[in-house]
Amino acid sequence: MFKKWRLMSLFAILALVLTGCGGEPFLSTLKPAGEVAEKQYYLMILSTLIMVVVVLVVSFIFIFVILKYRRSRLGNDHMPKQIEGSHKLEILWTVIPIILLLILAVPVVSDTFDLGKTKAMDKKNRDPEKTLVVNVRASLYWWEFEYPDYGIVTSQELVVPTDKRVYFKLKASDIKHSFWVPAVGGKIDTNTENENKFYLTFDDKKSKDAGGYFYGKCAELCGPSHALMDFKVKAVSKDQFQKWVNDMKHYKSKPKTDLAVQGEKLFKEKNCLSCHATQPNDNRAEAARTAPNLATFGERTRVAGVKDFNDQNIKAWLKDPESIKPGNKMTGTYPALNEQEIDALTEYLKGLKSKK
Ligand code: HEC
Ligand SMILES: [Cu+2]
């Protein structure tokens, strides 16, 4: 009896945990926000349905047989009808699973091929307004997004137009990571030895429901800060996207206060510039891009991908990045900063924006 209760409470907890999965439109696989996520969602529903039907039918037969053929009902000497080698039954229980597998296999295979259709991105004279390509590069523990057609590099926050396919070319700079925007689709591995390709679409209405931002994650265990390797996807209308591209192409950010000017100077003196670019038209070799591009840092919603964007968190990051993301590649690479230097750097970084 006691054992049963233990089992029951386990199931109760499991049910509670699972209800957590339904959740937020910016993060939930169960609230698909685009063509790809929808396809993946319906495949999930279909396979679950088939499994449920099989479990129900088998359970029903099981219980029926237990009840109907009890010894107390039929007596000790009852000998049931022998069905060994029955053609009818053999055919039945071979054909039914085959049919179920076919129902599952046809949409899975056809969707898999559909979702892998990336030819459009390799066309020679591709029009970026029709077929947008973004190069994604994953590094311990941050993300870089390059728009090769526009000569723009950003990091941590991916900006995309809604209601059209956005094509991604993905790789990793150090070890294997995996690109995943749960509400929109994926995941797909980012490897060091080859590039993967796929596309996603970001539904306009659903992205508004999600507050304009989807959450992205690294989905491949990559080290102590793997769970903190988050990014954001800002999904905007096509017009807004073109405006953003234009702002980024004509990027000019000048420090506005004395403190910010001081910060800019420190940014050079303290070695920051050796890793971080502060211009979006960053045309260094890819391998030389060793840290997040900070050109639009002042427009971020998060610091280092995980902390709310405010002065306190920027300062905490500059003071001791290790306390926020263990094992990150910035820790210990620059001389210790005093309070005043941190204030100045914070002021300067906050002013880095594409919009005037
Ligand atoms: C050795 C290269 C290196 C140096 C030098 C360096 N950083 Fe970083 N920085 C990084 C890396 C790598 C990250 C990403 C860490 C992560 O998220 O795992 C980062 C992250 C950041 C972030 C958060 C970025 C974001 O997109 O939210 C800020 C802000 C920052 N650095 C500022 C500075 C400043 C200011 C200095 C100089 C005092 C500096 N960095 C020096 C490599 C460096
Ligand atoms: Cu990772």
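Predicted model: local features only at pLDDT ≥ 70, side-chain atom pairs only at ≥ 80, totals over all residues.
**Exercise 1.** Determine how the end-to-end reach of helix α8 relates to the span expected for it.

*Solution.* Step 1: α8 comprises residues 258-269, a run of 12 residues. Step 2: at 1.5 Å a residue, the expected span is 16 Å. Step 3: the distance from the first C-alpha of α8 to its last is 17 Å, which is close to that expectation.

**Exercise 2.** Assign the buried and exposed residues of α8 to its sides, and identify what the buried residues pack against.

*Solution.* Step 1: taking under 20% relative accessible area as buried, one finds A260, G263, L266 and F267 buried in α8. Step 2: these residues lie on the same side of α8, because they cover an arc of only 115° around the axis. Step 3: D258, K265, K268 and E269 are exposed on the other side of α8. Step 4: the packing partner of the buried residues is α11 (339-350).

**Exercise 3.** Describe the secondary structure of the spans that UniProt annotates in an unreviewed entry.

*Solution.* Step 1: the UniProt entry places "transmembrane region" at residues 42-69 and 90-109. Step 2: residues 42-69 are 96% helix and 0% strand, with end C-alpha atoms 40 Å apart. Step 3: residues 90-109 are 100% helix and 0% strand, and their end C-alpha atoms lie 28 Å apart. Step 4: UniProt also places "domain: Cytochrome oxidase subunit II copper A binding" at residues 129-247. Step 5: that span is 13% helix and 50% strand, its end C-alpha atoms being 16 Å apart.

Terms used: Residues numbered from 1 in each chain as written. Chains lettered and ligands numbered in written order. Heavy atoms only, no water. Helix = DSSP H or I, 4+ residues; strand = E, 2+ residues; numbered from the N terminus. Expected span 1.5 Å × (residues − 1). Buried < 20%, exposed > 50% of the residue type's maximum accessible area, 1.4 Å probe, protein only. Arc of directions from axis to C-beta. Contact = heavy atoms within 4.5 Å. UniProt positions renumbered as here; feature names shortened; annotations may be inferred.
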